[in-house]
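Let's take a walk through this one together. Keep the sequence and the 3D view open side by side as you read.

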Amino acid sequence: MRVFVTGVAGQLGHDVVNELISRGYEAVGSDILPEYDLSVRYVSLDITDRAAVEQTIEEIKPDAIVHCAAWTAVDAAEDEDKKDKVRAINTDGTKHLAEAAKKADAKFVYISTDYVFDGQGTKPWEPDCRDYAPLNVYGQTKLEGELAVANTLEKYFIVRIAWVFGRNGKNFIKTMLQVGKNHPQVRVVNDQIGTPTYTFDLARLLVDMIETEKYGYYHATNEGGYISWYDFTVEIYRQAGLTAEVIPVTTKEYGLSRAARPFNSRLDKSKLRENGFTPLPDWKDALRRYLQEIEA
C-alpha cells in the first residue's frame with residue numbers, strides 16, 4: 001500500500017510516516033517547505049494550489065491519503081489579514097486533496113477537531129452528531145474541510161481529535177515544562193474539559209483505519225477519562241518532577257485568548273471499539289512515554 005501523508009513537518013504527519021514505515025508500507029510525505037529531512041520520499045506541495053495537488057496525486061497514485069496538514073494557530077486565525085489564508089488551507093486545500101483522492105480512487109483520512117462544536121454543556125460529543133456551531137475561525141474552517149470531504153468522497157475517515165501533543169513541533173506540554181522550569185507559579189484554566197491525544201498513539205490508529213473499509217466519522221483521544229488543562233498540568237509536573245505551583249483559574253480569569261475556546265471538549269470514542277479498532281492508551285501512560293521520548 002502506498003500512502004501520501006500531508007503535514008509531515010508537524011506533530012502528527014511525522015508520526016504517521018514512521019508508523020507506515022514500521023509496517024512495511026510505502027509512504028510519501030509532503031509539506032509546504034521546499035525541503036524537509038525525511039526518511040522517505042518528500043514532495044513539497046502547496047495544498048492551496050489545486051493544479052499542483054491534482055498533478056502530485058496523479059503522479060504518485062496513492063492507495064490512501066492521510067491529510068494532517070492544517071492551519072492550527074487558533075488565535076492567529078482570528079486576525080483579519082489571515083482569515084483568507086486559514087480558509088485557503090483548511091477548507092480549499094482539503095477540498096483539492098479530496099477531489100484528487102476521488103480521481104485516484106484513494107482512501108482518505110481527514111484530521112478534524114472538537115472545535116467544530118460549540119463546546120457547551122457536559123455531555124460528550126458523539127462522532128455522528130451534526131450539531132455544528134464553531135466558536136472561531138479555526139473551527140469553522142475545519143468544519144468546512146469536513147464537509148468538503150464528506151460531500152466529495154465515499155471512502156473517507158473523518159477523525160476528530162483534541163489537545164494534541166507529539167515530538168515534532170510545539171505543544172502544551174513543552175510550553176508548560178518551559179514555564180514550570182522558569183517560574184515558581186503557573187496559572188492554568190480549570191473549566192475547559194477534554195482529553196489529550198498523543199500523536200504516536202493516534203498514528204497507529206490511523207494506519208489501522210486505512211487497513212480497513214470501516215469508513216465514517218470517528219473521535220480519537222487517549223483513554224483515561226476527561227480532565228481540565230489544570231489537571232493535565234498538575235500531572236505533567238508530577239511526572240517531570242517539577243515543583244512549580246499550579247493555580248487553577250477560570251477561562252474568564254485567564255483572559256488571554258483572542259479566539260473563543262470550547263469549555264466542553266469531551267469526545268465520545270465508543271465508536272472505535274464498536275468497529276473493532278483498538279482505543280488509544282491511557283493519557284497518563286502516554287504522557288509518561290512522551291516525557292521519556294523528549295527526555296524531559
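This is a predicted model: local features need pLDDT of at least 70, side-chain atom pairs count only at pLDDT 80 or more; totals for chains, interfaces and linings use all residues.

In which helix is Thr 94 found? Thr 94 belongs to helix α3, which covers residues 83–104.

Now look at what surrounds it. The side chain of Thr 94 makes a polar contact with the side chain of His 67, at 3.1 Å. If you skip the neighbours within four places in sequence, Thr 94 is in contact with His 67, Ile 89, Phe 108, Tyr 110, Gly 145 and Val 149.

Next, the cysteines. Cys 68 is buried, with 17% relative accessible area, and Cys 129 also counts as buried, at 16%. As for disulfides, the structure holds 0.

Salt bridges are another story: the count comes to 22. One of them pairs the side chains of Glu 26 and Arg 2, with N to O at 3.1 Å. Glu 26 sits in strand β2 (residues 26–31) and Arg 2 in strand β1 (residues 2–6), so this bridge ties together parts that are 24 residues apart in sequence. Both ends are partly exposed: Glu 26 has a relative accessible area of 39%, and Arg 2 comes in at 26%.

Arg 87 forms a salt bridge with Glu 144, and their closest N and O atoms are 2.8 Å apart. Here the pair links distant parts of the chain, since Arg 87 is in helix α3 while Glu 144 is in helix α4 (residues 137–152), 57 residues away. At 30% relative accessibility, Arg 87 is partly exposed.

Arg 204 forms a salt bridge with Asp 208, where the closest N and O atoms are 3.2 Å apart. How far apart are Arg 204 and Asp 208 along helix α6? They are 4 residues apart in this helix (residues 199–210), so about one helical turn separates them. Both partners count as buried, Arg 204 at 19% relative accessibility and Asp 208 with a relative accessible area of 17%.

How values were computed: Residues are numbered from 1 along each chain as its sequence is written. Side-chain values use heavy atoms; hydrogens and water are left out. Helices (H or I, at least four residues) and strands (E, at least two) are DSSP runs, numbered from the N terminus. A polar contact is a pair of N or O atoms within 3.5 Å; within protein, one must be able to donate a hydrogen and the other to accept it, and residues adjacent in sequence count only if both atoms are side-chain atoms. Contact means heavy atoms within 4.5 Å. A disulfide is a pair of cysteine sulfur atoms within 2.5 Å. Buried means under 20% relative accessible area, exposed over 50%, partly exposed in between (1.4 Å probe, protein chains only). A salt bridge is a side-chain nitrogen of Lys or Arg within 4 Å of a carboxyl oxygen of Asp or Glu.
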